[in-house]
Amino acid sequence: MSFYYRRNIMSKSEDKKQFIVDNAIEVFKEKGFKDVTMKDIIDRCNISRGGIYLYFKNTQEIFEEVIKKEENNDKSLLLISQNLSNLDIIKYFLEEVKKELLNKNNNLIVATYEYIFYKFNNKENLNLSKKYSIAYETLYKIIQNGIKNKEFKVEINKTINHIIFLLEGLRISSLVIPLNEKIIDEQIENILRDFKIEK
């Protein structure tokens with residue numbers, strides 16, 4: 001089997017896997033995590049049972065791919081090379097979270113916490129450190145760049161922890177109380193107060 005033929009098969013296989021994940025995202029948004037069955041995703045994808053089980057054993061495996069895809073969608077770091085101020089990049093990062101919180105049809109927040117409780121109740125290993133570390137790494141690079149360019153004068157680790165824990169608190173709060181734009185903007189302003197712009 002030639003290298004190009006193998007690569008073509010691998011590419012088609014990856015495309016099919018991504019097709020399943022993309023459709024599953026919509027199902028998880030609609031139903032959360034715990035109520036989604038493999039049949040729901042099979043029906044949405046319009047593929048055979050064998051076609052999906054070739055790639056995933058269960059909804060848990062699919063949801064883990066959904067989480068990875070969502071984490072990789074953050075474009076904040078790409079903005080560093082586009083001559084924007086680092087404060088503007090932080091604002092972009094926060095605006096993306098704001099859109100997520102205001103999107104009433106986006107139940108991925110619900111699905112994520114249902115997934116966490118599912119893993120906890122089944123005494124399965126739950127590694128959330130990767131999710132935390134990706135957000136931490138993103139913010140670290142942006143803030144470090146701002147300090148280097150003398151835009152910010154902050155304690156980097158303390159500032160990042162403040163941002164991450166406040167945003168996670170907003171995500172949890174959004175599950176039980178309605179968050180409007182004014183409330184979210186107030187919290188974003190609290191975060192932005194951490195940044196001291198040197199004159």
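## The big picture

What you're looking at is a predicted model.

The chain has 199 residues, and 36% of them count as buried. Now take the contacts between residues at least 6 apart in sequence: 70% of them join residues at least 24 apart.

## Where α5 meets α9

Helix α5 covers residues 86–102 and helix α9 covers residues 181–192; their axes come within 11 Å and cross at roughly 150 degrees. Angles over 145 degrees count as roughly antiparallel, which means α5 is roughly antiparallel to α9. The crossing of α5 with α9 is right-handed.

On the α5 side, the contact is made by L87, I90, K91, L94, K98, L101 and L102, while α9 brings E181, I184, D185, I188, I191 and L192. Sorted by class, that gives 9 nonpolar, no polar and 4 charged residues.

## Where α8 meets α9

Helix α9 also packs with helix α8 (residues 156–173), at an angle of about 170 degrees and with the axes 10 Å apart. That angle makes α8 roughly antiparallel to α9.

Here H162, I163, L166, L167 and L170 of α8 meet Q187, N190 and I191 of α9. By class, this contact has 5 nonpolar, 3 polar and no charged residues. Look out for I191 of α9: it is in the contact with α5 and in the one with α8.

How values were computed: Residues are numbered from 1 along each chain as its sequence is written. This is a predicted model: local features need pLDDT of at least 70, side-chain atom pairs count only at pLDDT 80 or more; totals for chains, interfaces and linings use all residues. Side-chain values use heavy atoms; hydrogens and water are left out. Axes are lines fitted to C-alpha atoms, for helices over the stretch in contact, and angles run from 0 to 180 degrees between N-to-C directions. Helices (H or I, at least four residues) and strands (E, at least two) are DSSP runs, numbered from the N terminus. Angles under 35 degrees count as roughly parallel, over 145 as roughly antiparallel, 65 to 115 as roughly perpendicular and the rest as oblique. A crossing is left-handed if the near helix is turned anticlockwise from the far one by less than a right angle, and right-handed if clockwise. Contact means heavy atoms within 4.5 Å. Ala, Val, Leu, Ile, Met, Phe, Trp, Tyr, Cys and Pro count as nonpolar, Asp, Glu, Lys and Arg as charged, and the others, Gly among them, as polar. Buried means under 20% relative accessible area, exposed over 50%, partly exposed in between (1.4 Å probe, protein chains only).
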